[in-house]
Amino acid sequence: MQESIVIKNLRKTFRLSKKQMRIDKTDNPLKVAVDDISFSTYKGEIFGLLGPNGAGKTTTLRCIATLIKPDAGDITVEGINIEDDVNIKKNIAFLTNELNLEKMFTPNYLFDYFSSFYGIDQETVEKRKNYLFKIFGIDKFSEVKIGELSTGMKQKTSIVISLVNDPDVIIFDEPTNGLDVITAKTVTDFLLELRNQGKSIIISTHIMNLVEKICDRVGIILDGKLVLCDSVEKVLKSHPGKDIEDVFFSIFNEVNYEEH
Ligand SMILES: Nc1ncnc2c1ncn2[C@@H]1O[C@H](COP(=O)(O)OP(=O)(O)O)[C@@H](O)[C@H]1O
Ligand SMILES: [Mg+2]
């Protein structure tokens with residue numbers, strides 16, 4: 001199996017505002033969101049970063065997607081440091097279900113607009129648009145303004161727009177969060193399809209059975225630290241009779257026991 005993304009000793013600290021310090025009930029203005037995390041992903045696999053709210057999942061993914069700069073650590077994609085190569089950056093898509101599409105435009109217009117940034121020829125754009133719009137059921141709504149679409153359709157459009165350039169690395173923060181069950185199924189089926197195409201995929205989630213359903217490897221992250229990282233199969237094999245949720249809680253209780 002070919003290594004794709006390699007993350008070594010990633011660390012990210014945030015300086016908290018006074019208000020955040022009050023909310024977090026802390027005197028320390030520095031929050032270590034990601035604390036010396038290392039893991040690798042492989043082509044044709046889905047890696048699931050599993051952890052509760054505030055564990056550091058989004059921060060890790062945003063570092064990999066070059067949206068924020070880590071304090072320390074190295075991230076390479078196929079051996080090339082992501083900081084050094086603009087083409088690598090373009091090849092990494094960061095997806096969320098948070099909506100940020102301009103309401104006035106149609107899916108069709110937005111797809112063409114974002115494709116134009118990558119200099120893709122019109123024939124390829126049309127082919128890809130047809131393929132993605134069909135999978136996500138956007139084809140019937142391609143000329144409807146975003147502002148008039150249902151929430152699910154807006155979310156699907158935003159996913160499709162992030163994939164215009166057919167990236168090899170797909171990072172998806174909480175892929176099923178806020179989606180209705182049908183849309184969630186479309187999205188998870190599509191992730192499996194991307195896996196079949198040999199893409200390297202990292203998702204974050206707090207949903208344990210999503211990991212069991214679609215992930216090949218899992219990393220459990222607690223309070224900024226990666227406390228377990230292995231193939232889902234191996235994790236299940238080494239904990240007979242347990243599912244991922246059982247494994248998660250036994251690790252969670254252990255860590256909390258050690259701390260208190
Ligand atoms: N921009 C930021 N400024 C300050 N603190 C942040 C910022 N982003 C995240 N954090 C803090 O870092 C920790 C990890 O957050 P995050 O990566 O969003 O966790 P998760 O995605 O697992 O819920 C949390 O305590 C969060 O409050
Ligand atoms: Mg998050």
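Strand β3 (residues 45-50) runs parallel to β8, and six bridges join the two. This is a predicted model.

**Strand β8 and its faces**
- In a regular strand, side chains alternate between the two faces of the sheet.
- S200, I202 and S204 point one way from β8.
- I201, I203 and T205 point the other way.
- Residues of both sets are buried.

- I171 stands opposite I202 in β8.
- Helix α7 (residues 181-196) belongs with β7 and β8 to a β-α-β unit, and that unit is right-handed.

**Domains**
- The domain assignment divides the chain into domain 1 and domain 2.
- Domain 1 is written in three pieces: 3-91, 169-175 and 197-259.
- Domain 2 covers 97-166.
- The centres of the two domains, taken over C-alpha atoms, are 28 Å apart.

**Around ligand 1**
- The shell around ligand 1 holds 13 residues, and F14, A33, K57, T58 and T59 come nearest.
- Two elements, β2 (30-42) and α2 (57-64), each give two or more residues to this shell.
- Helix α2 gives the most, with three residues.
- By type, the shell around ligand 1 has seven polar, four nonpolar and two charged residues.

Definitions and conventions:
Residues are numbered from 1 along each chain as its sequence is written. Chains are lettered from A and ligands numbered from 1 in the order in which they are written. This is a predicted model: local features need pLDDT of at least 70, side-chain atom pairs count only at pLDDT 80 or more; totals for chains, interfaces and linings use all residues. A residue is buried if 20 or more other C-beta atoms lie within 10 Å of its own, exposed if 12 or fewer, and partly exposed in between; C-beta atoms are placed from the backbone. Helices (H or I, at least four residues) and strands (E, at least two) are DSSP runs, numbered from the N terminus. Two strands pair if DSSP finds at least two bridges between them. A crossover is right-handed if, with the strands pointing away from the viewer, the path from the first strand over the helix to the second runs clockwise. Domain bounds come from an automatic or database domain assignment. A residue is near a molecule or strand if its C-beta atom, placed from the backbone, lies within 6 Å of it. Ala, Val, Leu, Ile, Met, Phe, Trp, Tyr, Cys and Pro count as nonpolar, Asp, Glu, Lys and Arg as charged, and the others, Gly among them, as polar.
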